[in-house]
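Visitor: I'd like to learn how to read the features of a model like this one. Could you walk me through it, a piece at a time?

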Amino acid sequence: ILCITYTNAAKDEILDRLGRNPSVVVSTIHEFLWGFISNQQELLIVEHKNKIIDELSIVGQKINESSLSDNMNLVDFNTAISNEGFLKVFYNTPTSPAKNFRDMIIAHNDYFSPYLSNANKFISIVNNVNKKFKLEETLTDIEDKNSGKIVYNPIRNRDKLENYVISHDTLLLYCKKIIANQNLLKRLFSDRYPYVLVDEYQDTDEKVIDLINCLREYSDSRKNFVIGFFGDALQNIYGSG
């Protein structure tokens, strides 16, 4: 029996009431899914590559939409913002007042003066150009079969795709896509956990429901997979469950 719930507090409460039982696995959804999928590194890398390609499209659009990118040589700009001295000034100088920020950047390197008419736009394009080149380097490593290992960070809900670090939401996305396309994993899942109990269903991410639904559809012909949803729609916290 697999019982998945929303928080560590709920997990601990269920274990306290149930007691330790080798027939029952009680876990948060993210903890469980990472334990189930973490050794499928080849499949995770495929999804990571697709995610980077999508992210590069978004970042590229943001750069193109910025007025500061007009006539900008992105390679030269990236070289300038990758300088250690620039990064020290950029990250350690308060952005307010904006004049002081601009003066400090120009004092470091006059190359940036044409791009500092608006401090917020400058900060945005620095971050986007930096992200673009880092993601492109990671994509090249993946294509050259020289990738790192995908790591899930349960502490901070923020991707660092260039460092192969994924967040809560990205973990759910990767798991949904991988398991939905791998009948062997569906069978492994349903054979190992023929009973799945989902606690606090009203706050469960839609990707998790889609994942469980694909398992149910796969197992329908075998008639040996049971899913139970428990919760209360009136106690929805996030509005997106």
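Guide: Happy to. Let's begin with one side chain: Asp191 has a relative accessible area of 39%, which makes this residue partly exposed. Please keep in mind throughout that the model is predicted.

Visitor: Which residue forms a salt bridge with Asp191?

Guide: That is Arg187, and the closest N and O atoms of the pair lie 3.4 Å apart. Arg187 is partly exposed too, at 44% relative accessible area.

Visitor: How many salt bridges does the count come to?

Guide: The count comes to 10. Among them is the pair Lys160 and Glu162, whose closest N and O atoms are 3.4 Å apart. Here Lys160 is partly exposed, with 35% relative accessible area, while Glu162 is buried at 17%. Another is formed by Lys207 and Asp205, at 3.3 Å from N to O. Asp205 is partly exposed, with a relative accessibility of 24%.

Visitor: Leaving aside neighbours within four places in sequence, which residues is Ile37 in contact with?

Guide: With those neighbours set aside, Ile37 touches Leu44, Leu171, Cys175, Ile178, Ile179 and Leu185.

Visitor: Now a helix pair, please. At roughly how many degrees do the axes of helix 6 and helix 7 cross?

Guide: Two packed helices are described by the angle between their axes and the distance between the axes. For helix 6 (residues 98–108) and helix 7, the axes come within 10 Å and the crossing angle is roughly 50 degrees. Helix 6 is therefore oblique to helix 7. From helix 6, Ala98, Phe101, Arg102 and Ile105 meet Ala119, Phe122 and Ile123 of helix 7. Sorted by class, this contact has six nonpolar residues, no polar ones and one charged.

Visitor: Last, the backbone. Is the peptide bond from Ser96 to Pro97 cis or trans?

Guide: As background, most residues other than glycine have a negative phi, and most peptide bonds are trans. The bond from Ser96 to Pro97 is cis, with omega near 0 degrees. Pro97 belongs to the loop between helix 5 (84–92) and helix 6.

Visitor: And where is Asn71 found?

Guide: Asn71 is in the loop between helix 3 and helix 4 (74–81). Its phi is positive, near 60 degrees, and Asn71 is exposed, with a relative accessible area of 81%. Glu200 also has a positive phi, near 50 degrees. You'll find Glu200 in the loop between strand 5 and helix 10, partly exposed at 28% relative accessibility.

Definitions and conventions:
Residues are numbered from 1 along each chain as its sequence is written. This is a predicted model: local features need pLDDT of at least 70, side-chain atom pairs count only at pLDDT 80 or more; totals for chains, interfaces and linings use all residues. Side-chain values use heavy atoms; hydrogens and water are left out. A salt bridge is a side-chain nitrogen of Lys or Arg within 4 Å of a carboxyl oxygen of Asp or Glu. Buried means under 20% relative accessible area, exposed over 50%, partly exposed in between (1.4 Å probe, protein chains only). Contact means heavy atoms within 4.5 Å. Axes are lines fitted to C-alpha atoms, for helices over the stretch in contact, and angles run from 0 to 180 degrees between N-to-C directions. Helices (H or I, at least four residues) and strands (E, at least two) are DSSP runs, numbered from the N terminus. Angles under 35 degrees count as roughly parallel, over 145 as roughly antiparallel, 65 to 115 as roughly perpendicular and the rest as oblique. Ala, Val, Leu, Ile, Met, Phe, Trp, Tyr, Cys and Pro count as nonpolar, Asp, Glu, Lys and Arg as charged, and the others, Gly among them, as polar.
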